[in-house]
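Open the model in your viewer and keep the selection tool at hand. The tour goes from one selection to the next.

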Amino acid sequence: MQYLHTMVRVADLDASLHFYCDLLGLKEVRRKENEKGRFTLVFLAAPEDEQRSYEETAPEVELTYNWDPETYTGGRNFGHLAYRVDDIYALCQYLMDNGVTINRPPRDGHMAFVRSPDGISVELLQKGDALPAQEPWASMENTGSW
């Protein structure tokens with residue numbers, strides 16, 4: 001058995017690509033437009049998985065954009081995506097500076113949670129050992145649900 005991808009439905013493809021690619025740093029590795037089915041599939045890979053994605057089409061996140069408007073609920077029921085990051089404090093600051101709410105701040109220097117524009121929970125985990133506790137994160141409260 002091999003893990004291939006996780007699919008999430010998105011309501012605004014541009015906003016989702018901005019979040020996943022411009023802010024989180026994932027790379028678009030391929031895209032499929034289906035005129036008859038009226039949807040677009042966009043496959044993303046983490047930078048360290050990009051080559052593997054091209055070779056094996058895994059591991060990836062598949063963004064599914066249906067051209068006809070739909071309302072999606074239950075993002076919290078999905079669970080979450082998780083990514084290991086080089087510097088959790090720097091990434092959280094960058095996300096916050098770009099309007100992303102840090103739902104669960106990295107108080108422990110190890111773990112944080114944010115949400116995509118479609119309410120998908122994304123866990124960020126510090127690569128290696130946890131970073132030493134640092135303000136403003138150490139005393140920052142949770143915001144919303146994660």
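Predicted model: local features only at pLDDT ≥ 70, side-chain atom pairs only at ≥ 80, totals over all residues.

How many residues of domain 1 are in contact with residues of domain 2? Select residues 5-66 and colour them as domain 1, then select 81-138 and colour them as domain 2. The domain assignment of the protein gives these bounds. The C-alpha centres of the two domains lie 21 Å apart.

Now turn to where the domains meet. Here 17 residues of domain 1 are in contact with 17 residues of domain 2. The area buried between the domains is about 1200 Å², and carbon and sulfur atoms give 70% of that area. Next, select F19, L23 and L24 in domain 1 and show their side chains. These residues lose the most area to domain 2, and together they make up 47% of what the domain 1 side buries.

Then select K127 and E48. They form a salt bridge, with the closest N and O atoms 2.8 Å apart. The count of salt bridges between domain 1 and domain 2 is one. Polar contacts across this interface come to four residue pairs.

Finally, show the side of domain 1 that touches domain 2 as a cartoon. Select β1 (5-10) and α1 (13-23), the elements that give two or more residues to this side. The largest share, six residues, comes from α1. Colour the residues of this side by type: eleven are nonpolar, two are polar and four are charged.

Definitions and conventions. Residues numbered from 1 in each chain as written. Heavy atoms only, no water. Domains from an automatic or database assignment. Contact = heavy atoms within 4.5 Å. Buried area = accessible area lost by both parts, 1.4 Å probe. Salt bridge = Lys/Arg side-chain N within 4 Å of Asp/Glu carboxyl O. Polar contact = N/O pair within 3.5 Å; in protein donor to acceptor, adjacent residues only side chain to side chain. Helix = DSSP H or I, 4+ residues; strand = E, 2+ residues; numbered from the N terminus. Nonpolar A, V, L, I, M, F, W, Y, C, P; charged D, E, K, R; others polar.
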